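Open the model in your viewer and keep the selection tool at hand.

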Amino acid sequence: MLTCKELVARSSDYLDGQLDLGEKLLARQHLLFCKNCRRFIKQMRLAQATIKALPEAPVDDVDEIVQRMTAAHGTHDKP
Ligand SMILES: [Zn+2]
């Protein structure tokens, strides 16, 4: 049986249909018993639908994240 933490870690793959059969079954089993995670998955699904409805928002976020990562990487890896 998955813990809530493990379920949350797999939630985006679960919603994208990226889990293999065994993991999907474990996730479904957890959701049967865990009301909190059911609510969490429902909210994730809503959030994904919102993101898909607004195609510009996630791209801006990704750019910002990439810029931050490159900046952090640059200071870290100076020769
Ligand atoms: Zn749970």
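**Start with the whole chain**

Show the protein chain as a cartoon and follow it from the N terminus: its elements run α-α-α-α. This is a predicted model. The count is four helices and zero strands.

**Select the zinc ion**

Which residues of the protein are the donors of the zinc ion? Select Cys4, His30, Cys34 and Cys37 and show their side chains.

The spacing of the zinc donors is C-x25-H-x3-C-x2-C.

Next, turn the view around the zinc ion. Angles among its four donor atoms are 104 to 114°, and the site is tetrahedral. For four tetrahedral donors, the ideal angle is 109.5 degrees.

**Color by accessibility**

Is His30 buried or exposed? His30 has a relative accessible area of 5%, so it is buried, as the cut-off is under 20%. Select Cys34 next: its relative accessibility is 12%, so Cys34 is buried too.

Then widen the selection to the whole chain. It has 79 residues, and 16% of them count as buried.

**Finish with contacts and surface**

Display contacts between residues at least 6 apart in sequence: 60% of these join residues at least 24 apart. The accessible area is about 6,500 Å², and carbon and sulfur atoms account for 59% of it.

Methods: Residues numbered from 1 in each chain as written. Predicted model: local features only at pLDDT ≥ 70, side-chain atom pairs only at ≥ 80, totals over all residues. Heavy atoms only, no water. Donors = N, O, S within 2.8 Å, 3.2 Å for Na, K, Ca; no water. Tetrahedral: all angles 85-135°; square planar, octahedral: opposite > 155°, others 65-115°. Buried < 20%, exposed > 50% of the residue type's maximum accessible area, 1.4 Å probe, protein only. Helix = DSSP H or I, 4+ residues; strand = E, 2+ residues; numbered from the N terminus. Contact = heavy atoms within 4.5 Å. Areas by Shrake-Rupley, 256 points an atom, 1.4 Å probe, with all protein chains shown as cover.
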